[in-house]
Amino acid sequence: MINFIIILIMNFLSENNQLFASEASKPWDFPEVNFEISENILYIPIASDNVKKVKLNIKNEKFIDLLEVNNPRIKPISVIDTKYKNTYDGYSKVRSGLYKKLLKMLEFLPNNIGIAYFEGLRPLWKQKEYFDKKFLEILKNTQNKEIAYYETTKHVSPFIDNIPTHATGAAIDITLFVQNENDINLMDMGMFDTIYGHNDQQETFSKRTTQKQRENRLLLLNAAIKSDLVNYGFEWWHYSYGDNAWAYVKKKESIYGLAVDKNENILLMSKESYLNKIISTDNFK
Ligand SMILES: [Zn+2]
């Protein structure tokens, strides 16, 4: 009986808070999502063992700085909406392979629509900062550090025992903008990003989306997937090429390793020492 009640509570939480769900929502019934799109999404958490186990066949490819390239159809989201502030140098860098996919995407979009990006390459210290913040936010709700750690790994790729995808330069967080002469606006796809608190629209096929938001998401998905990118089903804005998530979905080997010094102290931390340290600080009250 107790087990039954616990299952009922977990189901309730999973539907209402996206906590405890081990897979991201599957495609909506309406509007219809074609097979090519639905097959190119990672529905399991990005740090799942099966994703981490993917074989890495490293390609040492250079980086492209999107700010330097300055393509009028690829802009930082911060120049369109000042709510999104970039907080470190190098956020506009991506692997040249990923850059080529972004250029390809533009061919599948109307001429007055472009890509607005938040972050590409991310240093490990920033990855840890996001992870800490999300972990403490979730811990306040769950009061259980193991569950909080697991739930956090769905939103922010862990830096312990894992290669965080943004730290390889293979991932980018994007949405679309529409430009009509001097008027430029982000397309409505629902709330972007989770760093700033709970977001019940974050899953690609979130049920809490309007018809218009779904159509806009499909426009983005279609252009990105036709260009050989994969989407992370827990975050409608997260796309990658050549990382473990991409390789797992495509049944290939991943091609980009960490773009940072592998001896960095952050990488040497164990999960146990991390949990003990973060809970003993003033962060959690
Ligand atoms: Zn991302």
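1. A residue is taken as buried if 20 or more other C-beta atoms lie within 10 Å of its own, the C-beta atoms being placed from the backbone. By this criterion, 40% of the 285 residues of the protein count as buried. The structure under review is a predicted model, with 10 helices and nine strands. Among contacts between residues at least 6 apart in sequence, 75% join residues at least 24 apart.

2. On confidence, the mean pLDDT of the protein is 89, and 89% of the residues reach 70 or more. Residues 1–18 stand apart from this description: pLDDT stays under 50 over that segment. For residues 1–18 the model has eight contacts beyond four places in sequence.

3. The largest nonpolar core comprises 66 residues. Those with the most contacts inside this core are L42, I115, Y117, A224, V230 and A245. Helix α6 gives the most to the core, contributing six residues. As for A224, its contacts are M105, L229, N231 and Y239, when residues up to four places away in sequence are not counted.

4. The buried residues of α6 are L124, Q127, Y130, F131, K134, F135, I138 and L139. Seen down the helix axis, these buried residues fall within an arc of 160 degrees, and therefore they line one face of α6.

5. What covers that face? The elements over the buried residues of α6 include α7 (145–155) and α10 (271–280). Helix α7 has its own set of buried residues, namely A148, Y149, E151, T152, T153, K154 and H155. These residues of α7 pack against α6 and α10.

6. Between α6 and α7 there is a loop that holds Q143. This residue, just after α6, takes a positive phi of about 60 degrees, although Q143 is not a glycine. Is Q143 buried or exposed? Q143 counts as exposed because it has 8 C-beta neighbours inside 10 Å, and the cut-off for that class is 12 or fewer.

7. A second residue of this kind is E181, which is not a glycine and has a positive phi of about 55 degrees. E181 is placed in the loop between β6 and β7 (183–186). With 6 other C-beta atoms within 10 Å, E181 is therefore exposed.

8. The peptide bond between F30 and P31 is cis, with omega of about -5 degrees. P31 belongs to the loop between α1 (2–17) and α2 (35–38). For context, most peptide bonds are trans.

9. Strand β9 (residues 235–240) is mostly covered, six of its six residues being buried. Strand β8 (residues 230–232) runs antiparallel to β9, and three bridges join the two. A hairpin of two residues connects β8 to β9, and Y232 has E235 in β9 as its bridge partner. Strand β6 (residues 171–180) also pairs with β9 in the antiparallel sense, over three bridges. Here I172 stands opposite Y239 of β9. Y239 is also among the residues that A224 touches.

10. The last point concerns G114, located in strand β5 (residues 113–117). Why does G114 count as buried? G114 has 21 C-beta neighbours inside 10 Å, and the cut-off for a buried residue is 20 or more. Leaving aside neighbours within four places in sequence, G114 is in contact with R73, I74, K75, L176, F177 and Q179. Of these, F177 lies 63 residues away along the chain, yet the C-alpha atoms of G114 and F177 are separated by 5.3 Å.

Definitions and conventions:
Residues are numbered from 1 along each chain as its sequence is written. This is a predicted model: local features need pLDDT of at least 70, side-chain atom pairs count only at pLDDT 80 or more; totals for chains, interfaces and linings use all residues. Helices (H or I, at least four residues) and strands (E, at least two) are DSSP runs, numbered from the N terminus. The arc is that of the directions from the helix axis to the C-beta atoms. Two residues are in contact if their C-beta atoms, placed from the backbone, lie within 7 Å. Two strands pair if DSSP finds at least two bridges between them. A nonpolar core is a set of buried Ala, Val, Leu, Ile, Met, Phe, Trp, Tyr and Cys residues joined through C-beta atoms within 7 Å. pLDDT is the predictor's confidence in each residue, from 0 to 100.
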